[in-house]
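Please look over the sequence and the structure shown below before reading on.

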Amino acid sequence: MSHEETLILVKPDGVKRGLTGEILRRIEAKGYVLVDLKMVQADRDLLTSHYAEHEGKPFFEPLVEFMSSGPTVAIRAAGDRVIEGFRSLAGATDPTTAAPGTIRGDLGRDWGLNVQQNLVHGSDSTLSAERELALWFG
Ligand SMILES: Nc1ncnc2c1ncn2[C@@H]1O[C@H](COP(=O)(O)OP(=O)(O)OP(=O)(O)O)[C@@H](O)[C@H]1O
């Protein structure tokens with residue numbers, strides 16, 4: 001699909017570190033459009049639905065705890081191939097090995113905790129984007 005929308009989250013570590021502006025800047029500099037944006041204190045129900053595919057994995061509980069530890073900035077972004085494009089901007093899940101030039105590679109690192117605090121989330125398919133945008137934006 002060409003013109004798309006995706007859900008981007010600036011996770012609580014990004015908000016706490018004051019990186020929201022830098023992350024928004026990178027999304028806009030790439031040419032994507034910010035369609036909607038809000039700050040959300042995510043609760044367990046929202047996070048359990050959002051991360052349903054990870055339920056039962058060893059990092060699930062720490063992940064929910066981390067994601068509810070402070071506000072998250074939820075962004076509806078649009079553009080041609082934005083789903084793939086934002087995941088490329090974000091970089092690999094592990095911020096230590098994420099390529100320099102990416103959000104995680106430039107701004108993230110391993111803090112020795114049992115969950116990857118990797119600053120951002122981006123939907124990984126059109127189906128996920130639709131589902132996640134409905135969860136976070138109703
Ligand atoms: N092996 C792991 N150990 C610790 N935390 C993990 C691990 N795998 C994933 N996570 C955490 O769960 C989140 C969701 O995992 P997923 O595999 O969907 O990664 P991702 O698609 O790169 O990241 P996201 O979905 O947040 O964009 C990761 O962003 C990370 O915070």
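**From the whole chain to single residues**

Helices (H or I, at least four residues) and strands (E, at least two) are here DSSP runs, numbered from the N terminus. According to UniProt, in an unreviewed entry, residues 3-138 carry the feature "domain: Nucleoside diphosphate kinase-like"; UniProt positions are given in the numbering used here, feature names are shortened, and annotations may be inferred rather than shown by experiment. The model is a predicted one, in which local features need pLDDT of at least 70 and side-chain atom pairs count only at pLDDT 80 or more, while totals for chains, interfaces and linings use all residues. Residue numbers start from 1 along each chain as its sequence is written.

The protein chain contains seven helices and four strands, and along the sequence these follow the pattern β-α-α-β-α-α-β-α-α-β-α. The radius of gyration of the protein chain is 14 Å, close to the 14 Å that the globule rule gives for 138 residues, so the chain is as compact as a globular protein of that length. That radius is taken over C-alpha atoms, and the globule rule is 2.2 Å times the number of residues to the power 0.38. Along its principal axes, the C-alpha trace of the protein chain spans about 35 × 35 × 25 Å.

Which share of the residues in the protein chain is buried? Buried residues make up 36% of the 138 residues, where a residue is buried if 20 or more other C-beta atoms lie within 10 Å of its own, exposed if 12 or fewer, and partly exposed in between, with C-beta atoms placed from the backbone. Two residues are in contact if their C-beta atoms, placed from the backbone, lie within 7 Å. Among contacts in the protein chain between residues at least 6 apart in sequence, 70% join residues at least 24 apart.

In helix α4, which covers residues 60-67, the residues L63, V64 and M67 are buried. Seen down the axis of α4, these buried residues fall within an arc of 95°, so they line one face of the helix; the arc is that of the directions from the helix axis to the C-beta atoms. An α-helix has 3.6 residues a turn, so residues three or four places apart point the same way. The cover over the buried residues of α4 includes α1 (12-16), α3 (44-50) and β3 (72-80).

Helix α5, at residues 82-90, has V82, I83, F86, L89 and A90 as its buried residues. Seen down the axis of α5, they fall within an arc of 125°, so they too line one face of the helix. They pack against β1 (3-10), α2 (20-29), β3, α6 (103-107), β4 and α7 (126-137). Just after α5, G91 takes a positive phi of about 90°.

The next subject is the ligand. Around it stand F59, L63, T93, V115, Q116, N118, H121, G122 and D124, each counted as near if its C-beta atom, placed from the backbone, lies within 6 Å of the molecule. By class, this shell has three nonpolar, five polar and one charged residues. Here Ala, Val, Leu, Ile, Met, Phe, Trp, Tyr, Cys and Pro count as nonpolar, Asp, Glu, Lys and Arg as charged, and the others, Gly among them, as polar.

H121 lies in strand β4, at residues 120-122, and is buried, with 23 other C-beta atoms within 10 Å. Not counting residues up to four places away in sequence, H121 touches I8, L9 and K11.

UniProt also places the feature "binding site", again from an unreviewed entry, at K11, F59, R87, T93, R104 and N118. Is R87 buried or partly exposed? R87, which belongs to helix α5, counts as partly exposed because it has 19 C-beta neighbours inside 10 Å. Leaving aside neighbours within four places in sequence, R87 is in contact with G122 and D124. R104, in helix α6, counts as buried with 23 C-beta neighbours inside 10 Å.
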